Amino acid sequence: MGETHTVEAIEALAEFHLVAPVNGSEILDDLRNPSPWWRAVHPHLAAARMASTESRLRRRLYELTARRDSLTALASAYPARPHRGAEASEVIEVVDSLDDVITLIEQASAECEQEMITCQPGGGRPPSELEQAVARDTALLARGVRMRTLYQHSARRHAPTQAYVDRVSPAGAEVRTMTDLFGRLIAFDRRVAFVPHPQRRGGAVVLRSPAAVAFLCDAFDRAWDHATPFCGSERTRVAVDDLRQAILRLLSRGLKDEVIARRLGISLRTCRKHIADLFQELNAESRFQAGYLAATRDLLRESAG
């Protein structure tokens, strides 16, 4: 058995308390290889040591549960003790840390009883973020919470997003797409909403003002009514047509390729590929000519999606 296998075997045995280092063995061993000597431990003794570890864990878990119960009791009493200037802090909370944002979202998700809505502009989300969302969202759906999500059309060609939709849709999640979205939003029970921090990447502004949250949720509802369900090849063709209509409109306004791509949540390469195809279909040689030809052919109509 090689040295690597020996080390792995000792680590496995030590994990189950079946071996223990001999006291002072580091001194007796060869100075060029100062690893300890090991002795075998009877399984009954190993089991007793594991039981001791389990007892400490159970005691720690009991302490954490007691602390959580104390914090819950404190939270229920906190709103009943307003102080001067408390009104502003209760309705708006600026959170700089991404970890704190995640904690607040998980808390709001755990307390959600009726509906969660999300608006996710910018194309597909990172795979790691989507993987975390699957567990949270399926738990919500299992509790009977309605979940609606809006993406931009470009997310239809994002494989991780397609996989996410395939996993949550059978559980009852509703997903739609549209060309352009009004902004990033997560809202729970129309009671608390999260929007991006204006300066800190990963941060968020947490809104609890009934008027502000209602305004954002109404904006979401209006967008939802005009969005296209995320399913079926025919729906995907409709989404592509909407996307190209949007590119034509933005081209006619004189926007640069980079701005159009960012606005529509697609890559610059994809954007330029659509523009080249549009130029060819319109038989145009310039952006100005493309805009003119599109206008004369009534191709610049506003699209709801």
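Predicted model: local features only at pLDDT ≥ 70, side-chain atom pairs only at ≥ 80, totals over all residues.
**The largest nonpolar core.** Start by selecting Tyr164, Phe188 and Phe194. Among the 28 residues of the largest nonpolar core, these three touch the most other members. Next, colour the elements that each supply at least two residues of this core: α5 (98-111), α6 (127-142), β5 (146-152), α7 (159-168), β7 (185-188), β8 (192-196) and β9 (204-207). The biggest contribution comes from α6, which gives five residues.

**Around Tyr164.** Keep Tyr164 selected and show what surrounds it. Leaving aside neighbours within four places in sequence, Tyr164 is in contact with Arg125, Leu130, Ala133, Val134, Asp137, Met147 and Tyr151.

Now select Leu243, Ile260, Ala290 and Ala294. They are among the 19 residues of another core, which lies apart from the largest one.

**Helix α10.** In general, an α-helix has 3.6 residues a turn, so residues three or four places apart point the same way. Move on to Gly265, which follows α10 and has a positive phi, near 70°.

**Ala227.** Finish in the loop between α8 (210-226) and β10 (228-229), where Ala227 is found. Ala227 counts as buried because its relative accessibility is 11%, and buried means under 20%. Thr177 is 50 residues away from Ala227 in sequence, but their C-alpha atoms are 5.3 Å apart. Beyond neighbours within four places in sequence, Ala227 is in contact with Leu150, Arg176, Thr177 and Met178.

How values were computed:
Residues numbered from 1 in each chain as written. Heavy atoms only, no water. Helix = DSSP H or I, 4+ residues; strand = E, 2+ residues; numbered from the N terminus. Buried < 20%, exposed > 50% of the residue type's maximum accessible area, 1.4 Å probe, protein only. Contact = heavy atoms within 4.5 Å. Core = buried A, V, L, I, M, F, W, Y, C linked by side-chain atoms within 4.5 Å.
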